Amino acid sequence: MSHHLHTALIHAGTPRLTEGTGPVNVPVVRTSTLRYANMAEYDGIHERRAAGENVAAYGRHGLDTHRALESAIATLEDGQHCLLAPSGLAAITLTLLALLSPGDHALVQDSVYSPLRRVDQSLLKRLGIRLSYFSPGKDDLDALIEPQTRLLYLEAPSSLLYEIPDLPALAARARDRGVLVATDNTWASGYLYRPLALGADVSILAATKYISGHSDVMQGAVVVKDDGLAQQLRETSDSLGLAVSPDDAYLSLRGIRTLPVRMQQHQANALQVAQFLHSHPQVARVFYPALPSDPGHALWRRDFSGANGLLSFAFAQGDVQHARRFIDALELFAIGASWGGYESLVQLAAPARLAEHSYYQGNTPVVRLHIGLENPHDLIDDLSRAFQAAQG
């Protein structure tokens, strides 16, 4: 029997009842070592893992807590296999190292999460792996694909400005050329966007954000449908020695149960704030796909089922110091680099990061806001006072 996603997330990975009773939540299972009844059992487990089955042969591979979270995230993404990583960036790096070899080339959306560029410069170049960056809305993908191109890497929507690539169209063109497609799905957290159903081969998540939802976990995940890709990822993860704490897996599993209701409230709050900013005289532009004025609004309506609490805006005038005065005047928004928790956050978008995005055509500072679960009227009042303080 198939169930609505909300129902499936509540029950995914729920422990079975033994002896007539059992816990509601999967217990935290901590271990570094597994015991085997005999050598035949030892051989059997290792053979199953070598064949691609997601069973634990050592504590690093995780046990019940990890399997439950993997099941829940795979359900969320409509995938078959989920691999956990210690952070979102670790999940990105795992994907790149698993799918690319020396001499290979990858095309990367130029507005992706900026630490990916650091992985490129500090690691991939040394390994002889070449990345080039392109605009998904302006460049001709067919002209950019080379004989050595093995991967198309997207982010939907992108970091800072929330550019939405046309994933189905791009994936179809990549598939025609034998190129795999991976996309960062952190913004939607699997709940609002299903890239595997739209043509992507790999979906990457930072569970640090909305899946956890409480700003107390660092974690990433990679989800695929294909058995062969899963085995490539699993072998690379084993070689890198990646491991996730069972306590962190438990916290993310706790968060994913309430993901739908939290996301709906984040969107409701953010939409009110976005509409306020859109009408404010000190704001030149609001970057939020759920606004009809956003250039990506049509693609968002077609491919997404909702929006989250993350938005940015560009000042109509003023320099970086003006934006810094605005941020310092805020009381309810804490200055912080992450997002996805229950609290509201603010960050100044670094001009160097904006310069990497061909999507941005402005020349005034951009501020990113994460709209939390506070009352939106209180947040709007706080923003109004900050605008006045910055102007003064």
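Hello everyone, and thanks for coming. What we have is a predicted model, in which local features need pLDDT of at least 70 and side-chain atom pairs count only at pLDDT 80 or more, while totals for chains, interfaces and linings use all residues. Residues are numbered from 1 along each chain as its sequence is written, and side-chain values use heavy atoms, with hydrogens and water left out.

Let's begin with helices. Please find helix H3, residues 64-77, and helix H9, residues 246-257. Their axes are 9 Å apart, and the two helices pack at an angle of about 35°. Axes here are lines fitted to C-alpha atoms, for helices over the stretch in contact, and angles run from 0 to 180 degrees between N-to-C directions. H3 and H9 make a left-handed crossing, the term for a near helix turned anticlockwise from the far one by less than a right angle.

Which residues of H3 and H9 meet? On the H3 side they include Ala-68, Leu-69 and Ile-73, and on the H9 side they include Tyr-250, Leu-253 and Ile-256. Contact means heavy atoms within 4.5 Å. Sorted by class, the H3 and H9 contact holds ten nonpolar residues, three polar ones and no charged ones. For those classes, Ala, Val, Leu, Ile, Met, Phe, Trp, Tyr, Cys and Pro count as nonpolar, Asp, Glu, Lys and Arg as charged, and the others, Gly among them, as polar.

H9 has another partner, helix H10, residues 259-278. The axes of H9 and H10 cross at roughly 65° and come within 5 Å. Here Gly-255, Ile-256 and Arg-257 of H9 meet Leu-259, Pro-260 and Arg-262 of H10. That contact has three nonpolar residues, one polar and two charged.

Is Leu-242 buried or exposed? Leu-242 counts as buried because its relative accessible area is 18%; the cut-offs are under 20% for buried, over 50% for exposed and in between for partly exposed, with a 1.4 Å probe and protein chains only. Leaving out residues up to four places away in sequence, Leu-242 touches Arg-60, Pro-86, Leu-94 and Ser-237.

Now for charges. A salt bridge here is a side-chain nitrogen of Lys or Arg within 4 Å of a carboxyl oxygen of Asp or Glu. How many salt bridges does a search of the whole structure find? The search finds 17.

One of them joins Lys-125 and Asp-120, at 3.6 Å from N to O. Lys-125 is partly exposed, at 45% relative accessible area, whereas Asp-120 is buried, at 0%.

Another pairs Arg-302 with Asp-166, and their closest N and O atoms are 2.7 Å apart. Arg-302 sits in helix H11 (residues 297-303) and Asp-166 in the loop between strand S4 (149-155) and helix H7 (167-176), so this pair ties together parts 136 residues apart in sequence.

In helix H14, residues 376-391, Asp-382 and Arg-385 are three residues apart, which means about one helical turn separates them. Their salt bridge has its closest N and O atoms 3.7 Å apart. There is also a network of salt bridges linking Arg-49, Arg-60 and Asp-238.

Lys-209 tells another story: this residue is buried yet has no salt bridge, and the nearest side chain of opposite charge, Asp-184, is 8.5 Å away. For charge, Lys and Arg count as positive and Asp and Glu as negative, with His and the chain ends not counted. Lys-209 lies in the loop between strand S6 (202-206) and strand S7 (220-224).

Finally, the backbone. Most residues other than glycine have a negative phi, and most peptide bonds are trans. In this model, the peptide bond from Ala-156 to Pro-157 is cis, with omega near -15°. Pro-157 is in the loop between S4 and H7, and that loop also holds Leu-160, whose phi is positive, near 70°. Ser-189 has a positive phi too, near 55°, and its place is in the loop between strand S5 (180-184) and S6.

Definitions and conventions: Helix = DSSP H or I, 4+ residues; strand = E, 2+ residues; numbered from the N terminus.
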